[in-house]
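Please have the sequence and the model open as you read.

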Amino acid sequence: MPSSLRLLTALALSLLSIVPPTFAAPPPEKIPGQSYYGTERYIEYVAGDLPLVLTSPHGGRLKPDPIPDRTNGVTTMDANTQELARDVAAAFFARTGHHVHLVASHLHRSKLDPNREIVEAAQGNPTAERAWKEFHASIREALAVAVARHGFAFLIDLHGHAHAIPRLELGYALDAKQLNQTDAAFAASGLITLTTLRDLAARLGGSPTALLRGPRSLGDLFAARGIRAVPSPQEPQPGHNPFFAGGYIVRQHAAAPDTPKVDGLQIECHRVGLRDTAANRAHFTKIAAEVLTLFVEEHYPFKFPAPQK
Ligand SMILES: [Zn+2]
C-alpha cells in the first residue's frame, strides 16, 4: 500500500473511532391490530400486517367546539362508513388472523374533510390542519410499511353516497365522461396511466378497460355476488347518472406519479341494504373481504394467510 493511501486509511479509521454514529434509531415498529392516535385522538391509525390500507375520512362524529364549523364544501357525514371500515377489517381478521391497516378520522365532516386538500379540508383552523396532516401522514406510513413488507400496497378509501341508483361506485380517478368512452377510445386515450391502478396496469400491460370493467375486475366480482357496481361488465359506464370518480385521498396516495407500488380505489357505497343496519353491513363486508382477496391474489404475487387454528 502506498504511504499516502496508508495515511488516508489511518485518518479515516481514526475519524470513525472519534465520530459517534449519527444514525437515529428507527422508530419502534407498530403492533398490528393496535390503535395509535393523533394529538387530540381525532385521528386513529390501526396498524396492520397485510398489504391492504383502508381509509375512512367521512365517518367521524366528533364536533369539538374549539374547531369552528367549515363554511364551504360538503359538510354532511357518510353515515356508518367508519363502522363499515371496521367491519371490513374484522372480516379480514376472521379470514386470515392478520390485520389490514386502517386510518380513520373521528372528526365530523363539518369540522374536517380529509378527502380535500388542506385549504378546503381545514379552512384555516390550526387544530383541524394538524389533524389533516396526521391523517395523511398515517396513510403514508401505512402504505410504506405495506410496500416494505409485501412489495406493494392496495388502498381502499371507503365512502357512502346518496345517489338514486343502489350500486357501488368504484372510483379509479376516472369521471363519468372518461368512463363513458368505448373500450377502444379509452385504450387510445392513455388515461389508464393517470388512474389509481396505474402501477398494476403498467406491470400487467394488456387491455386497460379489462382491468377496470372486464371479467374478474372488482366490479365483476361484486356483481357476481349480488352487489351492483359501476364500472363492471354488467354496468360498464355511469352514463348520465351522478357518479363519484375518486377524490383527493386516492388521487394523492395511489394515482400520483410519486406513489410507486401503490394501487387502490375509492369505493362509494349505497345505504339501503348495505350500510343501514349491522346485519346488512356484516353481509356486505364479508363479500367485500372475499372480493378484495380474489382481486389481490389474482393480480399480485401475494397469498393471504389462513388463520392459525
Ligand atoms: Zn365521502
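Four bridges join strand 3 (residues 52–56) to strand 4, and these two strands run parallel. Strands here are DSSP runs of E with at least two residues, helices are runs of H or I with at least four, and both are numbered from the N terminus; two strands pair if DSSP finds at least two bridges between them. In strand 4, histidine 101 is the bridge partner of valine 53.

Before going on, a word on the source. This is a predicted model, in which local features need pLDDT of at least 70, side-chain atom pairs count only at pLDDT 80 or more, and totals for chains, interfaces and linings use all residues. Residues are numbered from 1 along each chain as its sequence is written.

| Strands | Sense | Bridges |
|---|---|---|
| strand 1 (residues 35–37) and strand 2 | antiparallel | three bridges |
| strand 2 and strand 4 (residues 101–105) | antiparallel | four bridges |
| strand 3 (residues 52–56) and strand 4 | parallel | four bridges |

Strand 1 and strand 2 form a hairpin with five residues between them, and arginine 41 in the turn has a positive phi of about 65°. Serine 35 stands opposite valine 46 of strand 2, while tyrosine 45 has valine 103 in strand 4 as its bridge partner. From strand 2 (residues 43–46), Ile43 and Tyr45 point one way, Glu44 and Val46 point the other way, and all are buried. Buried means that 20 or more other C-beta atoms, placed from the backbone, lie within 10 Å of the residue's own.

How do the eight strands line up in the open sheet? Their order is 1-2-4-3-5-8-6-7, with mixed pairing. Strand 1 and strand 7 (229–230) are the edge strands, each pairing on one side only. Helix 4 (residues 126–150) packs on the sheet, touching strand 2, strand 3, strand 4, strand 5 (153–160) and strand 8 (262–269). Its direction makes about 175° with that of strand 4, an angle between N-to-C directions on a scale from 0 to 180 degrees, with axes fitted to C-alpha atoms, for helices over the stretch in contact.

The buried residues of helix 4 include Trp132, Phe135, Ile139 and Leu143. Glycine 151, which follows helix 4, has a positive phi near 85°.

Terms used:
A residue is buried if 20 or more other C-beta atoms lie within 10 Å of its own, exposed if 12 or fewer, and partly exposed in between; C-beta atoms are placed from the backbone. Two residues are in contact if their C-beta atoms, placed from the backbone, lie within 7 Å.
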